[in-house]
Amino acid sequence: MVAFGKKLKDRQIEEWQGYYINYKLMKKKVKQYARQIETGGIERRYVLKDFSRMLDIQIEKVVLFLLEQQGILSSRIAKFGEQQETLQIELDLVKIAALREGYRDIGRDLLKLLFFVEINAIGLRKILKKFDKRLGYGFTDYYVKTRANHPYSQLQQVFKHVGLGAVVGAISRNLAELEDRQGSYLSIYDQPTRPLQDPVIDAIRAAVDRLSYSTNFLTFLGQHALIMHEELPMPTEENPDDERYNFMSLFMNLVNTFLYMVNTYIIVPTADDYSMSLGAAATVCGVVIGAMAVAQIFSSIYFSAWSNKSYFKPLVFSSILLFIGNVMYALAYDFNSISVLLLGRLFCGLGSARAVNRRYISDCVPLKIRMQASAGFVSASALGMACGPALAGLLQVKFKIYMIHINQNTLPGWVMAVAWLFYLIWLSISFREPDRLSHKDLVHDYDTRMLNKFHLFSQVGSDALEKGATQPLLSSEAHQDGEDDDQECDVSEELLEDSHAPVSSLKAAYKLLTPSVKVQLLIYFMLKYAMEILLAESSVITSYYFHWTTGKVSIFLVCLGLTVLPVNIIIGRNISNIFEDRQILLASEIMVFLGILASFNVIIPYTVTQYVLSGLVMFVSAEVLEGVNLSLLSRVMSSRLSRGTYNGGLLSTEAGTIARVIADATITLGGYAGESRLLNVTLLPSLAICILTIICTCLTYNSQY
């Protein structure tokens with residue numbers, strides 16, 4: 001491990017040393033504040049004001065130098081532009097070659113400038129994190145939020161790099177024009193999908209993509225999916241991913257996600273009727289719905305392990321299991337067997353390939369579009385959740401084909417069986433298995449390509465070049481709570497040391513969970529439990545109290561499902577920019593608590609208005625809570641859980657799935673108390689868990705501030 005302050009100094013470009021943030025000075029200042037606060041010799045308000053001023057001065061120094069260098073690069077581009085104009089009259093191949101090399105020289109200097117911005121941004125993140133940790137303040141959120149959106153903020157120049165984008169565009173356009181001098185009358189603006197093939201531009205694009213690869217909304221949705229990104233991404237993430245990535249393969253993963261969510265929720269409106277038609281109680285619907293979740297607990301692990309070797313084969317196996325499971329679910333009516341019904345749902349759960357869907361996005365999709373793919377994963381899940389009950393509401397038919405009964409109970413099984421059969425055929429035709437390389441081969445391939453392709457950049461320093469083209473400008477604030485702020489491995493150490501290798505068991509993964517991560521997994525468990533209680537027992541509750549038909553239950557569930565994306569849009573674009581994540585987290589927990597409390601049947605008669613409004617408040621609040629909670633979870637979970645079989649996505653999936661299993665079992669067990677008491681009996685555990693999470697949240701975050 002290398003001390004970050006020393007590493008920061010070693011990676012500085014020698015002639016620019018006076019313009020980097022003075023990390024060593026600020027680190028000493030933080031220690032001084034800590035000592036003075038311990039002795040009571042200084043007030044908190046003075047500390048915040050003094051340190052904010054110091055940061056403002058340091059950032060201003062960086063930004064003014066950045067603007068100066070941008071001006072120098074722009075002047076050089078303008079001079080070359082004048083020379084380029086003369087070539088419009090007289091074609092001179094020697095001058096064209098010289099101009100190309102001149103623009104490439106500017107590109108190399110721009111790459112150095114991008115590294116300069118990157119190192120300063122990492123140093124800024126580190127010192128903010130150290131300040132919060134040593135002094136116990138929530139200073140980072142305050143500083144970033146007050147500076148980032150202010151019209152005179154210097155921080156925007158560091159993070160939004162508008163001027164750098166203009167320089168990149170000018171270099172790209174002029175190189176493309178010189179490249180196409182012979183016979184082409186089109187510019188890069190006429191052919192936006194045609195990339196300029198130049199090693200300098202490729203390196204710049206890789207660096208810029210790391211700086212701004214997504215919008216706030218896409219970032220929020222992507223974190224909602226908990227498809228984690230490593231704090232120090234692998235050197236192979238850019239170009240090899242471009243080679244491994246295939247759009248149709250990604251699309252087939254998203255279709256799998258959509259169909260599975262449809263399959264999960266299509267039976268909810270009719271599960272109670274189906275159970276009664278087979279001679280069981282209506283509340284057995286909890287076991288019927290939950291059987292799929294029980295099997296998913298195990299399928300998530302073996303599919304996650306299988307995806308280390310293949311993506312195509314697990315998806316094929318998943319489709320076959322889901323086809324068989326749905327056929328069994330549909331035939332249970334003709335066999336008059338609740339056992340066949342449950343076996344069918346178990347087969348469907350064993351076919352859950354959501355772990356594969358997440359891994360494909362995490363491992364094979366290039367970083368520049370990974371957040372969009374993650375958002376697509378969340379959107380496909382939300383759309384499937386809404387379409388499932390909607391389809392159930394449309395399948396209100398009754399007829400026979402030979403000896404097979406087709407009705408509202410069996411038709412969801414037949415429809416999904418046909419859907420999975422078509423998907424299996426489509427998958428076989430369209431999916432392309434990504435190439436599999438060993439970890440050692442990937443690193444060697446990257447080093448070889450870098451030496452051959454980017455040897456022109458040796459003046460930047462080999463260590464800075466390897467790191468600069470592949471590491472994000474500003475990583476997540478805290479992937480490891482227990483990590484020493486003054487230490488950070490370089491890329492080769494991050495790849496090769498066992499301490500940063502993916503974990504090999506659930507037990508090892510659990511040991512990496514800090515108290516704050518455990519609290520957030522508990523929150524995830526709570527919200528999934530509360531949502532499953534609301535959704536799974538909706539047909540029984542509404543039938544008993546309001547005599548709703550399957551069609552009305554379907555409409556209610558569709559309306560709930562359709563709130564998912566609008567709520568995330570509002571949170572991702574607006575609310576998350578106004579309030580801190582932890583404030584939204586606690587407020588959402590309180591709203592879930594109020595929604596659960598309002599759902600209890602303590603006033604007779606129990607009205608439709610009370611049920612719908614309380615359910616809507618609880619569901620929407622839980623959706624907000626899920627997005628914010630997973631956003632925080634993706635930032636504080638260990639970077640060792642970003643890859644491998646036992647990754648962060650698997651842990652969250654298991655927590656949510658176990659919550660659904662327990663919720664569905666609660667519904668069935670609650671049925672023994674009678675349908676008149678079912679609502680209150682099932683809401684009591686939800687209320688208790690919600691209170692527990694609120695207490696844990698307050699204790700955890702109060703101890704950090």
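User: Where does tyrosine 402 lie, and what makes it count as exposed?
Analyst: Tyrosine 402 is placed in the loop between β1 (399-401) and β2 (404-406), where strands are DSSP runs of E with at least two residues, helices are runs of H or I with at least four, and both are numbered from the N terminus. Its relative accessibility is 77%, and exposed means over 50%, buried under 20% and partly exposed in between, with a 1.4 Å probe and protein chains only; tyrosine 402 therefore counts as exposed. The backbone of tyrosine 402 also has a phi near 55 degrees, a positive value in a residue other than glycine.

User: What do these values rest on?
Analyst: The model is predicted, and local features need pLDDT of at least 70, side-chain atom pairs count only at pLDDT 80 or more, and totals for chains, interfaces and linings use all residues. Residues are numbered from 1 along each chain as its sequence is written, and side-chain values use heavy atoms, with hydrogens and water left out.

User: Which phi value does histidine 547 have, and why is this residue called exposed?
Analyst: Histidine 547 has a positive phi of about 60 degrees although it is not a glycine, and its place is the loop between α24 (538-546) and α25 (550-561). With a relative accessibility of 64%, histidine 547 counts as exposed.

User: Why is the pair of tryptophan 548 and phenylalanine 556 called edge-to-face?
Analyst: Rings of Phe, Tyr and Trp (its six-membered ring) pair if their centres lie within 6.5 Å, and planes under 30 degrees apart count as stacked, over 60 as edge-to-face and the rest as tilted. The rings of tryptophan 548 and phenylalanine 556 have centres 6.0 Å apart and planes at 65 degrees, so the pair is edge-to-face. Tryptophan 548, at 16% relative accessibility, counts as buried, and phenylalanine 556, at 8%, counts as buried too. Ring pairs also link Tyr544, Tyr545, Phe546, Trp548, Phe556, Tyr606 and Tyr611 into a cluster.

User: How many aromatic pairs are there by this rule, and what makes tyrosine 311 and tyrosine 360 an edge-to-face pair?
Analyst: The count comes to 31 aromatic pairs. In the pair of tyrosine 311 and tyrosine 360 the ring centres are 5.4 Å apart and the planes stand at 90 degrees, so the pair is edge-to-face. This pair links distant parts of the chain, with tyrosine 311 in the loop between α13 (285-306) and α14 and tyrosine 360 in helix α16 (residues 354-364), 49 residues apart. Tyrosine 311 has 0% relative accessibility and counts as buried, and tyrosine 360 counts as buried at 0% as well.

User: How do you know that lysine 29 and aspartate 50 meet in a salt bridge?
Analyst: The term asks for a side-chain nitrogen of Lys or Arg within 4 Å of a carboxyl oxygen of Asp or Glu, and the side chains of lysine 29 and aspartate 50 meet at 3.9 Å, N to O. The pair links distant parts of the chain, lysine 29 being in helix α2 (residues 23-39) and aspartate 50 in helix α3 (residues 44-86), 21 residues apart. Aspartate 50 is buried, with a relative accessible area of 18%. A search of the whole structure finds eight salt bridges.

User: How far apart are the closest N and O atoms of lysine 528 and glutamate 626, and why is glutamate 626 called buried?
Analyst: The closest N and O atoms are 3.4 Å apart, and lysine 528 forms a salt bridge with glutamate 626. Lysine 528 lies in helix α23 (residues 515-536) and glutamate 626 in helix α28 (residues 608-636), 98 residues apart. Glutamate 626 counts as buried at 7% relative accessibility.

User: Why are arginine 104 and glutamate 101 separated by about one helical turn?
Analyst: They are separated by about one helical turn because they are three residues apart in helix α4 (residues 93-135).

User: What makes phenylalanine 323 partly exposed?
Analyst: Phenylalanine 323 lies in helix α14 and counts as partly exposed at 31% relative accessibility.
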